[in-house]
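I opened my notebook to look at how two chains meet. These are my entries, in the order I made them.

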Amino acid sequence: MPHKIISLISVGRHPQSGRARRSDQDGRAVELGLKLSGSQLEVVHAGDSEEPVLRQYAGMGLAEITILEQDQSMDAVASLSTYLASRDADIVLTGVRSESGESSGMVPYILAEALGWPLVARVADIVEIKDGTAEVLLALPRGQRRAATVKLPFIATIDSAAQEARQSAYGPGLRANMVAQSGANELDELRANWSEAPAKPRPKRLKMVKAKTAADRFKAATAKPAGGSGKVMKNESTEEKAQAIFDLLIEEKVIR
Amino acid sequence: MSDIIRRDPRAEWIIRNRLHPLHDQYVSQEEGGEIRGPSGIIRKFPHKVGFIGPNGVKRIDRLKGNAASATGKRSSATQEVQLPLHQISSPEFYVVVVPDLVGGRLTSHDKDILGLAHKLISEHGGQGAVAALCFGEVKEEHFDLAGVDRLIHLNDPAFDGYAPEARVQALAYVDTQLTVKHWLFPDSVHGGADLGSRLAAKLGERPATQAWQVTAEQVVCRGASSSLDISRAMPRIAMLLEECGDAIDETRHEASSIEFADIPLLEGHIVDKGLMDVDPNAIPLAEAEFILSAGNGIHNWDQFHQAAATLGATEGASRVAVDDGFMPRIRQVGATGTWVTARVYIAVGISGAIQHMQGIGQVDKVVAINTDAGCDMVKRAALSVIGDSEEILSELMALVNAHRNQASSESEENSHAA
């Protein structure tokens, strides 16, 4: 029995030019969805159905995209959660953080809380789905991976370590069917009180020297950073030396 | 100068004679007080300045007591400064920080947030305490110096490894037990952002994410992939970027522990299956956690590659090893190569040119294996081993293999027993 998989997509922002584009992590979520369920994949967007960026997603080989029509100032979570509750999906895939708007990364968490589903964050790959559980690979910092199993249904946020999104084809993108429904119209009231401005560059932290006397200031300006007086093993046997290194590696947990 | 104390009979006579016109001046000289000249200005009496040094020469201390102490060794022994203790006996509210504790220790990001928590408390006013909530194994020894007033250490095995569901339940339980004014999380890939988002969703709060300018009333957050600054009122839960505050460095704190027994935990849906074995050489050198780096002192390159594979370390090299063609250019560590951020860095046969030391500036623990005990790498290293690298590496590989075999046989026994 094929599993019902839904990918949620958003409008991205190119990091240099600032143009609207296919969001990187959402593209990866669609790619993973295509790998898992092929043409059965359902792709959902909450927003404007006339948005040209959606054609870039459709160009990845999607026959149609479902759009929950709503204004930009409206809350996307409300319409998404009512839609997902009605669709009886097994897996919902999203990016970790959107590239436009607040980009708090909270949407999947609020959806998971509303639907009562588990959420796995920063998924690099979904290896296998069997007997109502999925085996997922989580991306950790420093290139590490963690294996975990999750019960269906669940929500997964897709990390940038996942398989890169395939190239978008222009013609098929234009031919894809945009199915628009009206979404919930709940105004995001909290956000109406916020003020937004273009990002200011953050000041670099300066090295503060809290010296009380001239001698201390002189010392702080000239002294080499104190090299932590390490342990030096010179006359021990080779076994003892190797054992000391080994103990340090075990203590730091780099050898498992 | 001789040690003989010369008497000055005239001065003694003047001091005895209270009616002598110079009597006051000589008496105050004797007591070290100020001396007024005939026109009333204060005069310095040069013979009274300074002290007689150990070899009888007069010394004048112009450093006002800041010079290294003359006694004992010539090295300036750093004195342990006891910082003032900041005590909160009965806190009215808490600001709870959930640090990442990468490798069991506070990161600089964690320390910044602890400092920021104290700033928030002083802006709110009143008796507030900063509590740090830690899960699992903790190796940090200086919670008191980082600004932790109360330490909540949850050491249940249910929180070990990847257990976000159990952890967020514990956080929600703590939220019901204490009056928490703010929950502060590091907005990092080490799990802080994930845990903070989960807690916010569970408590139904709208958190401030990627916050970088925080006061008690207002917070400025980055949005739209860091192209937007959003100013908003400070919510209860905030996830903070790096360098959002200044770490505590002038006070000591109690770091007394708060115990929570019997936290109710529901069965989770996510089961941790442990870390996967990743090909260490597939990890980019800049973000590798454990690097075995080779320099000019390596002669047996086959053994070096074998050692890296056995230890599970990413390979690195110094400029000399790359220039001589033993290692590819992408493996070069240093100013012209990659600036690494490893936690553990083993430098084999690298003496430590300054360009190489720049490249390993962010490394936590450096282990040096070298034949020269006086080289710069030994000065930088936390552990230095002086000797032939070939012998030490082969011994180390034997130890690691023995450890692995033992671990695998133990796990087999366990599975048989089960």
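I found strand β12 (residues 195-198) of chain A joined by four bridges to strand β12 (residues 228-233) of chain B, the two running antiparallel. Strands pair here if DSSP finds at least two bridges between them. Strands (E, at least two residues) and helices (H or I, at least four) are DSSP runs, numbered from the N terminus. I noted that Ser195(A) stands opposite Ser231(B) in β12(B).

Before going on, I wrote down the ground rules. The model is predicted, so local features need pLDDT of at least 70 and side-chain atom pairs pLDDT 80 or more, while totals for chains, interfaces and linings use all residues. Residues are numbered from 1 along each chain as its sequence is written, chains are lettered from A and ligands numbered from 1 in the order in which they are written, and side-chain values use heavy atoms, leaving out hydrogens and water.

Entry two: Arg232(B). I located Arg232(B) in strand β12 of chain B. Is Arg232(B) buried or exposed? Its relative accessible area is 6%, so I logged Arg232(B) as buried (buried is under 20%, exposed over 50%, partly exposed in between, with a 1.4 Å probe and protein chains only). Its side chain reaches the backbone oxygen of Pro207(B) at 3.0 Å. Leaving aside neighbours within four places in sequence, I listed its contacts (heavy atoms within 4.5 Å); among them are Glu102(A) and Trp194(A), as well as Arg206(B) and Glu217(B).

I counted 83 residues from chain B and 72 residues from chain A in the contact. The area buried between the chains is about 7,100 Å², with 55% from carbon and sulfur atoms. Buried area is the accessible area (1.4 Å probe) that two parts lose on being put together, summed over both.

How many salt bridges lie between chain B and chain A? I recorded 10 (a side-chain nitrogen of Lys or Arg within 4 Å of a carboxyl oxygen of Asp or Glu). One I looked up joins Asp272(B) to Arg146(A), with the closest N and O atoms 3.0 Å apart. Helix α11 (residues 389-417) of chain B gives the largest share of the side that touches chain A, eight residues.

I placed Leu111(A) in helix α4 (residues 107-115) of chain A. Leu111(A) is buried, at a relative accessible area of 0%.

Terms used. A polar contact is a pair of N or O atoms within 3.5 Å; within protein, one must be able to donate a hydrogen and the other to accept it, and residues adjacent in sequence count only if both atoms are side-chain atoms.
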